[in-house]
Amino acid sequence: MPAPNMKLLEPIAKTLSILGGLLMVGVMLMTCYSLIGRNFLQSPLIGDFELTAIGCGMAMALFMPYCQLKRENIMVDFFTARMPASTNAKLDRMGSLLMTALYGVLGWRAGFGAVRAYEGEGASMLIGFPDWIVYACMCVGLSVAALMALAQVLGMVAEQEEHAA
Amino acid sequence: MSPMSLALLIFGVMLVLMVVRVPIAGAMFVAGTVGMILQADLKTFLSFTNNVAYTRLASYDLSVIPLFILMGHFATQGGISKALFGFAAAVMGRFKGGLAMGAVLACAAFGAICGSSVATAATITGVALPEMRRHGYSGRLSTGTLAAGGTLGILIPPSVPLVIYAILTEQNIAKLFAAAMLPGVIAMVGYMIAIAIYVRLVPGQAPEHDEAPRLTAEALKGVVPIAIIFIVVFGGIYEGFFTPTEGAAVGAAATFIAALMKGELTRDKLLHCFYATALSSAMIFMIFIGADVMNAALARTQVPAQLAELVGGMSIPPLAIVGGILLLYVLLGAVMDELSMLLLTIPIFFPIIMKLDFGMSAEHTAIWFGIMVLMTVGFGMLAPPVGLNVYVVNGMAKDVPLAESYRGITPFLVSDTLRTLLLLFFPGISLYLVGVLT
């Protein structure tokens, strides 16, 4: 596997999380608009709850690769704290392998869901937002997260430490 | 395989994986997968996974979590904290240990717009720690105060752990927030009392006299944006103008505007808000998904339901059972992350609690137990060996050894324990505002 391609994963993960953040800002603005309409102008925005769920749902999936990049998926390091760093690094690779499987299964099922929703023309109840777009977006986020975890198993991304705070 | 041995196997797989550093979400997912395939087949498992990501990620009720997290990060990056601490220090400055009390007050006020204890601790530490050190507060007392004060971020609404409890137990978020308000204020006052006693008992931790900044109109401005945001968000929720999820979106927008008006929200800081929101929300949602798979596998064994029947039929006083569960939380919280602990155990313990008779309505029991659980979560953020808040604050105080910081939280752990007992024996304290506000 060519290493340079793996280097692309980091900017991709960052870009996806910015997209996710913008989606959330969109939800934020949409909610304000909807509330003004509902409480002051007697013109409620139809399907605002759906848009919130869809927007945040897509954002959450797009956030996954960056979280995996930073190894922010929380784990218990109490029992292995005294082991040599090399042992812990090996354990972390095994952990990333399991995370690859987790993201992989979820991403695959989301892709499957996208195809099924596209063929069945599934859509959200009130505004008819096509389900396949949501599934496809989740498929992208989860698949990139799976690739990210795989790259960590293979030792192809530089390890980084940063805390959310 | 008998249902009991299956349930034990699922738990066993999860525990083994967790011990060897597998992320908790992954450990729960793998254990649940094994359990489901053993009880049914691969096809059942796969059709279950078809929707698990979609239902959890694109859920209106859960959207409240990332929105509150985003709001917290806007507040953190928006430069609100410096003026806030100036105000708090001016209010409390006249007392001995006043700057430490001011830090607690600042944490409490910041906690009113931020739902995370780590973010609250880190934000207030950034502005308060240098000031406290400069005025001669010991490393022990200043880091201990800030780590403990940080837990006010979750004890005072909004609170991410409380939202998670509400979702897991299908309770009303607004009512739980109302229930958390008085206990949150009690926590703040309790911490201040702890400081007052500590600086008198242990000499050399705080200066004899703080040069208290005066409470001027200028200082008062420090608290205005936060007060407005809090009143808009919670006023709107309790007056019925909007749902908690909408409240979180409005709060995020208002905090965003406040940060823009401060002129501190640069492009880089905005991106940082997105990244930080990505990290904490993706982490939480992955645990949700892992816990879903695990709990579905466990529920199939029927063991959790039988356990609830069994415990309900035993002649142990209900309060003793709650006490036992809380004690178990303190122990579990010592080694594992508090949010994962809730997602793992609430589906098992909550049915047990609801089968017991506390002389309250089912809803009141659920709300009161939620507040009790929240108290242990706060405790777990401080208690050794892994008190996340202590780590974060200590990491920002380069010259203070970790052992000193742990020594510094002792008075606050005493205060936590007393408050937890108070709320355990007097549910009315938590339930009072629920009746008034909703």
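The legends below describe close-up views of a predicted model.

**View 1. A salt-bridge network spans chains A and B.** Arg38(A), Asp48(A) and Glu246(B) are joined into one network by salt bridges that share partners. Arg38(A) pairs with Asp48(A) at 3.6 Å, N to O. Arg38(A) sits in helix H2 (residues 9-39) of chain A and Asp48(A) in helix H3 (residues 48-69) of chain A, so the bridge ties together parts that are ten residues apart in sequence. Arg38(A) also forms a salt bridge with Glu246(B), with the closest N and O atoms 2.4 Å apart. This pair crosses between chains, from helix H2 of chain A to helix H14 (residues 244-262) of chain B. Arg38(A) is partly exposed at 30% relative accessibility. Asp48(A) is buried at 11%, and Glu246(B) is buried at 3%. Over all chains, the count comes to 15 salt bridges.

**View 2. Asp292(B) and Arg56(B) form a salt bridge.** The N to O distance is 2.6 Å. The pair links distant parts of the chain, 236 residues apart: Asp292(B) lies in helix H15 of chain B and Arg56(B) in helix H3 of chain B. Asp292(B) is buried, with a relative accessible area of 18%. Arg56(B) is buried too, at 19%. Side chains of opposite charge can pair when their charged atoms come close.

**View 3. Helix H2 of chain B and its cover.** H2(B) covers residues 24-39 and has 16 residues. From first C-alpha to last, H2(B) reaches 22 Å, close to the 22 Å expected at 1.5 Å a residue. Its buried residues include Ile24(B), Met28(B), Phe29(B), Thr33(B) and Met36(B). Glycines Gly26(B), Gly32(B) and Gly35(B) are also among the buried residues. The cover comes from both chains: it includes helix H4 (85-120) of chain A, together with helices H1 (3-19), H3 (42-57), H15 (267-301) and H18 (338-355) of chain B.

**View 4. The largest nonpolar core, seen around Leu152(B).** This core has 221 residues. Ile65(B) and Leu152(B) touch the most other members. H15(B) gives the most to the core, with 19 residues.

**View 5. Thr277(B) and His272(B) in helix H15 of chain B.** Thr277(B) is buried at 1% relative accessibility. Beyond four places in sequence, Thr277(B) contacts Met24(A) and Phe63(A) from chain A. Within chain B, Thr277(B) touches Pro66(B), Ile69(B), Leu70(B), His73(B) and Ala282(B). His272(B) counts as partly exposed, at 24%. His272(B) and His73(B) are 199 residues apart in sequence, yet their C-alpha atoms are 8.5 Å apart.

**View 6. Asp416(B) in helix H22 of chain B.** Helix H22 covers residues 410-425. Asp416(B) is buried, at 1% relative accessibility. Not counting residues up to four places away, Asp416(B) touches Tyr191(B), Phe379(B) and Leu382(B).

**View 7. Glu131(B) in helix H7 of chain B.** Helix H7 covers residues 117-134. Glu131(B) counts as partly exposed, at 28% relative accessibility. Leaving aside neighbours within four places, Glu131(B) contacts Phe85(B) and Leu99(B). The C-alpha atoms of Glu131(B) and Phe85(B) are separated by 9.8 Å. The two residues are 46 apart along the chain.

View 8. Most residues other than glycine have a negative phi, and most peptide bonds are trans. Arg21(B) has a positive phi of about 70°. Gln302(B) has a positive phi of about 65°. A cis peptide bond joins Pro157(B) and Pro158(B), with omega about -5°.

**View 9. A nonpolar patch on the surface of chain B.** Val185(B), Val189(B), Ile193(B), Ile197(B) and Leu201(B) form the patch. Together they have about 450 Å² of accessible area. Ile197(B) lies in helix H11 (residues 173-201). Ile197(B) is partly exposed, with a relative accessible area of 48%. An α-helix has 3.6 residues a turn, so residues three or four places apart point the same way.

Conventions:
Residues numbered from 1 in each chain as written. Chains lettered and ligands numbered in written order. Predicted model: local features only at pLDDT ≥ 70, side-chain atom pairs only at ≥ 80, totals over all residues. Heavy atoms only, no water. Patch = residues over 30% accessible without salt bridge, like charges linked within 9 Å, V, L, I, M, F, W, Y side chains within 5 Å. Areas by Shrake-Rupley, 256 points an atom, 1.4 Å probe, with all protein chains shown as cover. Salt bridge = Lys/Arg side-chain N within 4 Å of Asp/Glu carboxyl O. Helix = DSSP H or I, 4+ residues; strand = E, 2+ residues; numbered from the N terminus. Buried < 20%, exposed > 50% of the residue type's maximum accessible area, 1.4 Å probe, protein only. Expected span 1.5 Å × (residues − 1). Contact = heavy atoms within 4.5 Å. Core = buried A, V, L, I, M, F, W, Y, C linked by side-chain atoms within 4.5 Å.
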